[in-house]
Amino acid sequence: MRDQRIQRAMGVCKKVVSAFSFSWKKKRELAATQEELKLPKHKLITESTTRWGSRHAMIARVLEQEKAIAKVLSADKKTRHLAPSWQDIEVLESVCKALNPLANFTDALSGEKYVSVSYLKPVLHLFNEEVLKHVADDSELTKTIKASVISYLNEKYDNAATDDLLSIASLVDPRFKKCYIKDDKLEAVKSRAVAQMLDECQSTSQATPEFPSTALGGGKSDGADATPAKLQKKTLGSFFKSYTKSAATSGLTEQQAIETELNSYLQAPDADSETNPLVWWKINAVTFPRVSLLAKHYLCIPATSSPSERAFSTGGNIVCCNRAALKPDTVDRLVFLAKNL
């Protein structure tokens, strides 16, 4: 976006939008021209510095209404110079073509009500192989923008710690598993996953010790003795359950049992791409209990900071100049209601 051609075209685009935003006459003329040219009756979009997608939306709307904008501006001597030239339109089309594929992915990865972190490695792979790959009819500017975006994203997520996090997040997602992990890194990722599951199992066993019944009772009571709990008879199924569990883990250390469970999980059929991984793990946590603990840690991570930024934006809309005397507790409640209603 630092290219001089892009900066000039963006400057023209902003001036055009401002000319219609601050003039009710221009808005009226634009609506009449849209009806005359049978264009969609859409208003122009102003770019917001805090929203990346707003620049692409502004460019796309100006290109959509190009004929109506040119006709309205050309009819007035004072605004005739604001009409975009064919060079500006060509640059805007190149920028829009490069950014179009990214808009949908940006919105999808910015979600906060579904799993998104495990999507990052598949999305990066899709960008490199298909979405941002050069096409025959791409202009040189479009190719340059695509190459810059790919280079930036690959460099951003090339950090070892970030790559480890994203690899394990994809590993515990039943839709992807090891599909997007490089073959030379797969064994290392599996080893890290086994080590983390081993630590998790040990911490879980220490955090939930088995207490004797006397400790739960809190000692003797001052009144009458508590009524003893009614003994329940064991069913035949419980004997088979304990036998199967002991037979499956007999002769295996905890680490070997974790490795066996992880390999069984990886060999199981992949879930459908539209499957909710949280629902899948809710059903299959009994089958893969140790791997499910790892999935709980990683699949709750948001892919971007957009959800937290939305919360700050909501707070900024509530605490404005006319409502600067609100108490902190009141602001907390208003933000909570705005985000959850």
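Asp173 is buried, with a relative accessibility of 0%; buried here means under 20% relative accessible area, exposed over 50%, and partly exposed in between, as computed with a 1.4 Å probe on protein chains only. The side chain of Asp173 meets that of Arg175 in a salt bridge, with 2.7 Å from N to O. A salt bridge is defined as a side-chain nitrogen of Lys or Arg within 4 Å of a carboxyl oxygen of Asp or Glu. Arg175 is buried as well, at a relative accessible area of 9%.

The model is predicted: local features need pLDDT of at least 70, side-chain atom pairs count only at pLDDT 80 or more, and totals for chains, interfaces and linings use all residues. Residues are numbered from 1 along each chain as its sequence is written, and side-chain values use heavy atoms, with hydrogens and water left out.

## Salt bridges

The whole structure holds 19 salt bridges. One of them joins Lys71 to Glu36, with the closest N and O atoms 2.6 Å apart. Because Lys71 belongs to helix α4 (residues 66-74) and Glu36 to helix α2 (residues 24-37), this pair ties together parts that are 35 residues apart in sequence. Helices (H or I, at least four residues) and strands (E, at least two) are DSSP runs, numbered from the N terminus. Lys71 is partly exposed, at 38% relative accessibility.

A further salt bridge is formed by the side chains of Arg290 and Glu254, at 3.3 Å from N to O. Arg290 lies in helix α14 (residues 289-298) and Glu254 in helix α12 (residues 254-267), so the pair ties together parts that are 36 residues apart in sequence. Glu254 is partly exposed, with a relative accessible area of 36%.

## The largest pocket

The largest pocket contains about 1600 Å³ of space. Its lining comprises 45 residues, of which Arg51, Trp52, Gly53, Thr106 and Ser110 are the closest to the centre. The elements giving two or more residues to this lining are α3 (53-64), α5 (86-109), α6 (120-131), α7 (140-156) and α15 (306-318). By residue class, the lining divides into 20 nonpolar, 16 polar and nine charged residues.

On a 1 Å grid over the protein atoms alone, a pocket is an open set of points where a 1.4 Å probe fits, with protein on both sides within 12 Å along at least five of seven lines, and lining residues have an atom within 4 Å of a point. Grid points are joined across faces, edges and corners, and the volume is the space filled by probe spheres set on the points. Ala, Val, Leu, Ile, Met, Phe, Trp, Tyr, Cys and Pro count as nonpolar, Asp, Glu, Lys and Arg as charged, and the others, Gly among them, as polar.

| Pair | Separation in sequence | C-alpha to C-alpha |
|---|---|---|
| Glu274 and Arg175 | 99 residues | 8.4 Å |
| Ser308 and Glu112 | 196 residues | 9.3 Å |
| Ala169 and Tyr119 | 50 residues | 8.6 Å |

Glu274 is located in the loop between α12 and α13 (277-284) and is exposed, at 70% relative accessibility. Ser308 lies in helix α15 and is partly exposed, with a relative accessible area of 37%. Ala169 is part of helix α8 and is buried, at 0% relative accessibility.

## Backbone and surface

Lys38 has a phi near 60°, a positive value in a residue other than glycine. Lys38 lies in the loop between α2 and α3 and is exposed, with a relative accessible area of 78%. Lys177, also not a glycine, has a positive phi of about 50°. Lys177 is found in the loop between α8 (160-171) and α9 (183-207), and counts as buried at 2% relative accessibility.

On the surface, Phe336, Leu337 and Leu341 form a nonpolar patch with about 380 Å² of accessible area together. Such a patch is made of residues with over 30% relative accessible area and no salt bridge, its nonpolar side chains (Val, Leu, Ile, Met, Phe, Trp, Tyr) being joined within 5 Å, whereas like charges are joined within 9 Å. Accessible areas come from the Shrake-Rupley method with a 1.4 Å probe, and for residues only the protein chains shown count as cover. Leu341 is found in the segment after α16 (328-340) and is exposed, at 85% relative accessibility.
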